[in-house]
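Please read the following walk through the model with the structure open beside the text.

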Amino acid sequence: QVQLVESGGGLVQPGGSLRLSCAASGIIFSIYVMGWYRQAPGKQRELVAAITSGGRITYPDSVKGRFTISRDNAKNTVYLQMNSLKPEDTAVYFCNAVGPVGGARYWGQGTQVTVSS
């Protein structure tokens, strides 16, 4: 069965950094598009970053220049390095995997990130 397991969330002060990890199993990881989404209380889930099998990366303007997505195919793991964190980054962060063209979408359980002094 497919599993995506996030780790690395927690409490951090404004301006601080955090690194999230997502370990995948049950998929051919190297050919999947991997991504991170987040959902804050009372708001819709939004894309934070995505990386294709070929290394093409997408960020929204809200995190561009502060967040970096990367993947290690040998470890079946995708990472999200978050720097210069702001209170508005507070949310549950979800790992996402999408298969080749027309493929299914899978989700992790989510990990809480709280940015507060």
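Arg-71 is buried (under 20% relative accessible area, where exposed is over 50% and partly exposed lies in between, with a 1.4 Å probe and protein chains only), yet Arg-71 has no salt bridge, and the nearest side chain of opposite charge, Asp-72, is 8.5 Å away. Here Lys and Arg count as positive and Asp and Glu as negative, while His and the chain ends are not counted, and a salt bridge is a side-chain nitrogen of Lys or Arg within 4 Å of a carboxyl oxygen of Asp or Glu. This is a predicted model, in which local features need pLDDT of at least 70 and side-chain atom pairs count only at pLDDT 80 or more, whereas totals for chains, interfaces and linings use all residues. Residues are numbered from 1 along each chain as its sequence is written, and side-chain values use heavy atoms, with hydrogens and water left out.

What does the side chain of Arg-71 reach? A polar atom of this side chain lies 2.8 Å from the backbone oxygen of Phe-29, and the side chain also reaches the backbone oxygen of Tyr-32 at 2.8 Å. Arg-71 itself belongs to strand β7 (residues 67-72), strands being DSSP runs of E with at least two residues, numbered from the N terminus. Not counting residues up to four places away in sequence, Arg-71 touches several residues, including Val-33, Met-34, Ile-51 and Val-78, where contact means heavy atoms within 4.5 Å.

The strand pairing can be followed next, with two strands taken as paired if DSSP finds at least two bridges between them. Strand β4 (residues 33-39) runs antiparallel to strand β5 (residues 46-51), joined by 5 bridges, and Gly-35 stands opposite Ala-50 in β5. These two strands form a hairpin with 6 residues between them, and Gly-42 in the turn has a positive phi of about 75°. On β5, Ala-50 also stands opposite Thr-58 in β6, since β5 pairs with strand β6 (residues 57-58) in the antiparallel sense over 2 bridges, as the pairing rule of at least two bridges requires. The hairpin of β5 and β6 has 5 residues between its strands, with Gly-55 in the turn at a positive phi of about 90°.

Another set of pairings involves strand β3 (residues 18-25), which is joined to strand β1 (residues 3-7) by 5 bridges in an antiparallel arrangement. Glu-6 stands opposite Cys-22 in β3. β3 also pairs antiparallel with strand β8 (residues 77-82) over 6 bridges, and Arg-19 has Gln-81 in β8 as its bridge partner.

Cys-22 leads on to the disulfide, a pair of cysteine sulfur atoms within 2.5 Å, of which the structure holds 1. The disulfide joins Cys-22 to Cys-95, with 2.0 Å from S to S. The pair links distant parts of the chain, with Cys-22 in strand β3 and Cys-95 in strand β9 (residues 91-98), 73 residues apart. Both Cys-22 and Cys-95 are buried.

Salt bridges complete the picture, and a search of the whole structure finds 4 of them. Arg-38, buried with a relative accessible area of 5%, meets Glu-46 in a salt bridge at 2.8 Å, N to O, and Glu-46 counts as partly exposed because its relative accessibility is 34%. Arg-38 also meets Asp-89 in a salt bridge at 2.9 Å, N to O. That pair links distant parts of the chain, with Arg-38 in strand β4 and Asp-89 in the loop between β8 and β9, 51 residues apart.

Conventions: Helix = DSSP H or I, 4+ residues; strand = E, 2+ residues; numbered from the N terminus. Polar contact = N/O pair within 3.5 Å; in protein donor to acceptor, adjacent residues only side chain to side chain.
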